[in-house]
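Biologist: I have a model open and some questions about it. Can we go through it piece by piece?

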Amino acid sequence: MNIVKNKYTLAITLIALVGFSACSDKKQKDEIAQTEKQENAIDTPSVTVVPIARGTLNSTITVPGELVPFQEVDIYAKVTSYVKKLYVDIGSEVHTGQLLATLEAPELNSQLAASESHIKQQEAVYFASKATYDRLLSTSKTPGTVSQNDLEQAEAKKNSDLANVDAAKSDYKAVAANLDYLQIRAPFDGVVSSRNVNLGAYVGPAGKGSDMPIFVIQEQSKMRLVISVPELYTGGLSSKDEVTFSVKALPNRKFKAQVKRLAGALDEKLRSERLEMDVYNKNKELLPGMYADVDLPIPSHDSSFIVPKTAVVTSTEKVFVIRVNNNRAEWVDVKKGFQAGGNMEIYGELKPGDKLVAKANDEIRDGQPVRVGNAGNAMNTGVDSTTKKTAVARK
């Protein structure tokens, strides 16, 4: 009985060992198949491709700007004097030729009187020499009475005295002109933004009185919006471009301005081009010195290719895209252009219709075989395909 039982137990054990061995073989085969599948996937990755075409990609960059007066002038005193009377103050609106202040310089009146006396003195000398010449000229009509030399010397003396009279009159005009500088007038319509003197203050071209201007006048009804555009974005700028901008004081308002003046050269330090826009400010909502965030449209070049940004690989060595040709990967060196949304401009040895890997990386090696999956949608490369705002940091 025990022998039969042992034989039965041995048979069951053998059957279990055979079944376990079969399961182990099957698991091992599955693992080998999975490894082979992974190795094949690494050796021949599956990729999605997108065709490329030429187009334009309009972009908008946001750059910091500053509002400055269209005209601004510091007014100083030309002659040494004292402030006699002030007719305007900070914030006063003035018009061209309006009297702003009067100065006094008593010594100018003395100089003017001295110049006037000098004129009379020179005129008296001239009249005497002229009378002498006239008498000699009349006498010389009788032959032998007056030598020709005496007559010529008398005439030269008369002309010299006449020149002295003219010089004295010029000196008088110069002193009289200085009196006009004692009246300070506005050179253009504007607003007095600064006043640095009080009644009785000493002003003039020298000394502490000349450190600060008497007035600062700004034209605020029309202002300049000044921005600096980085070198990368200067290629497509035009004087016909229109920009929008906002200021922190009025965050819910959008203002428009048109580009009027381009510097035509880059600043040597910032490597940027200066642009100016005219801003009309009749309601005085905007103030000089305000900072503005300016949205500047930057048109693209017609000869560029438009691709998804994911198709461009930037490594430590190069920037490239991966073109699929006969189921093999080809690295093609490119240069980046503008970016807008998920798209990017590129320049390189490509042609329309080339198929690029939509999601490229440097793990797909140059010359490696690939399997092409479902092709991606063609890029929308119309004239205004995509627009994006790109912020440029303040410097």
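Biologist: What covers the buried residues of helix 2?

Modeller: The cover includes helix 3 (148–180), where contact means heavy atoms within 4.5 Å. Helices here are DSSP runs of H or I, at least four residues, and strands are runs of E, at least two, numbered from the N terminus. This is a predicted model, so local features need pLDDT of at least 70 and side-chain atom pairs count only at pLDDT 80 or more, while totals for chains, interfaces and linings use all residues. Residues are numbered from 1 along each chain as its sequence is written, and side-chain values use heavy atoms, with hydrogens and water left out.

Biologist: Which residues of helix 2 are buried?

Modeller: Leu108, Leu112, Ser115, Ile119, Gln122, Tyr126, Ser129 and Tyr133. Buried means under 20% relative accessible area (1.4 Å probe, protein chains only).

Biologist: New topic. Which residues have the most contacts inside the largest nonpolar core?

Modeller: Phe245, Leu286 and Leu296, in a core of 25 residues. Such a core is a set of buried Ala, Val, Leu, Ile, Met, Phe, Trp, Tyr and Cys residues joined through side-chain atoms within 4.5 Å. A second, separate core has 21 residues, including Val83 and Phe215.

Biologist: And what does leucine 296 contact, beyond four places in sequence?

Modeller: Among others, Ser59, Ile61, Ile227 and Leu275.

Biologist: Where does pLDDT stay under 50?

Modeller: Over residues 378–388. pLDDT is the predictor's confidence in each residue, from 0 to 100. The protein chain averages 81. Where pLDDT is low, the predicted coordinates should not be read in detail.

Methods
Buried means under 20% relative accessible area, exposed over 50%, partly exposed in between (1.4 Å probe, protein chains only).
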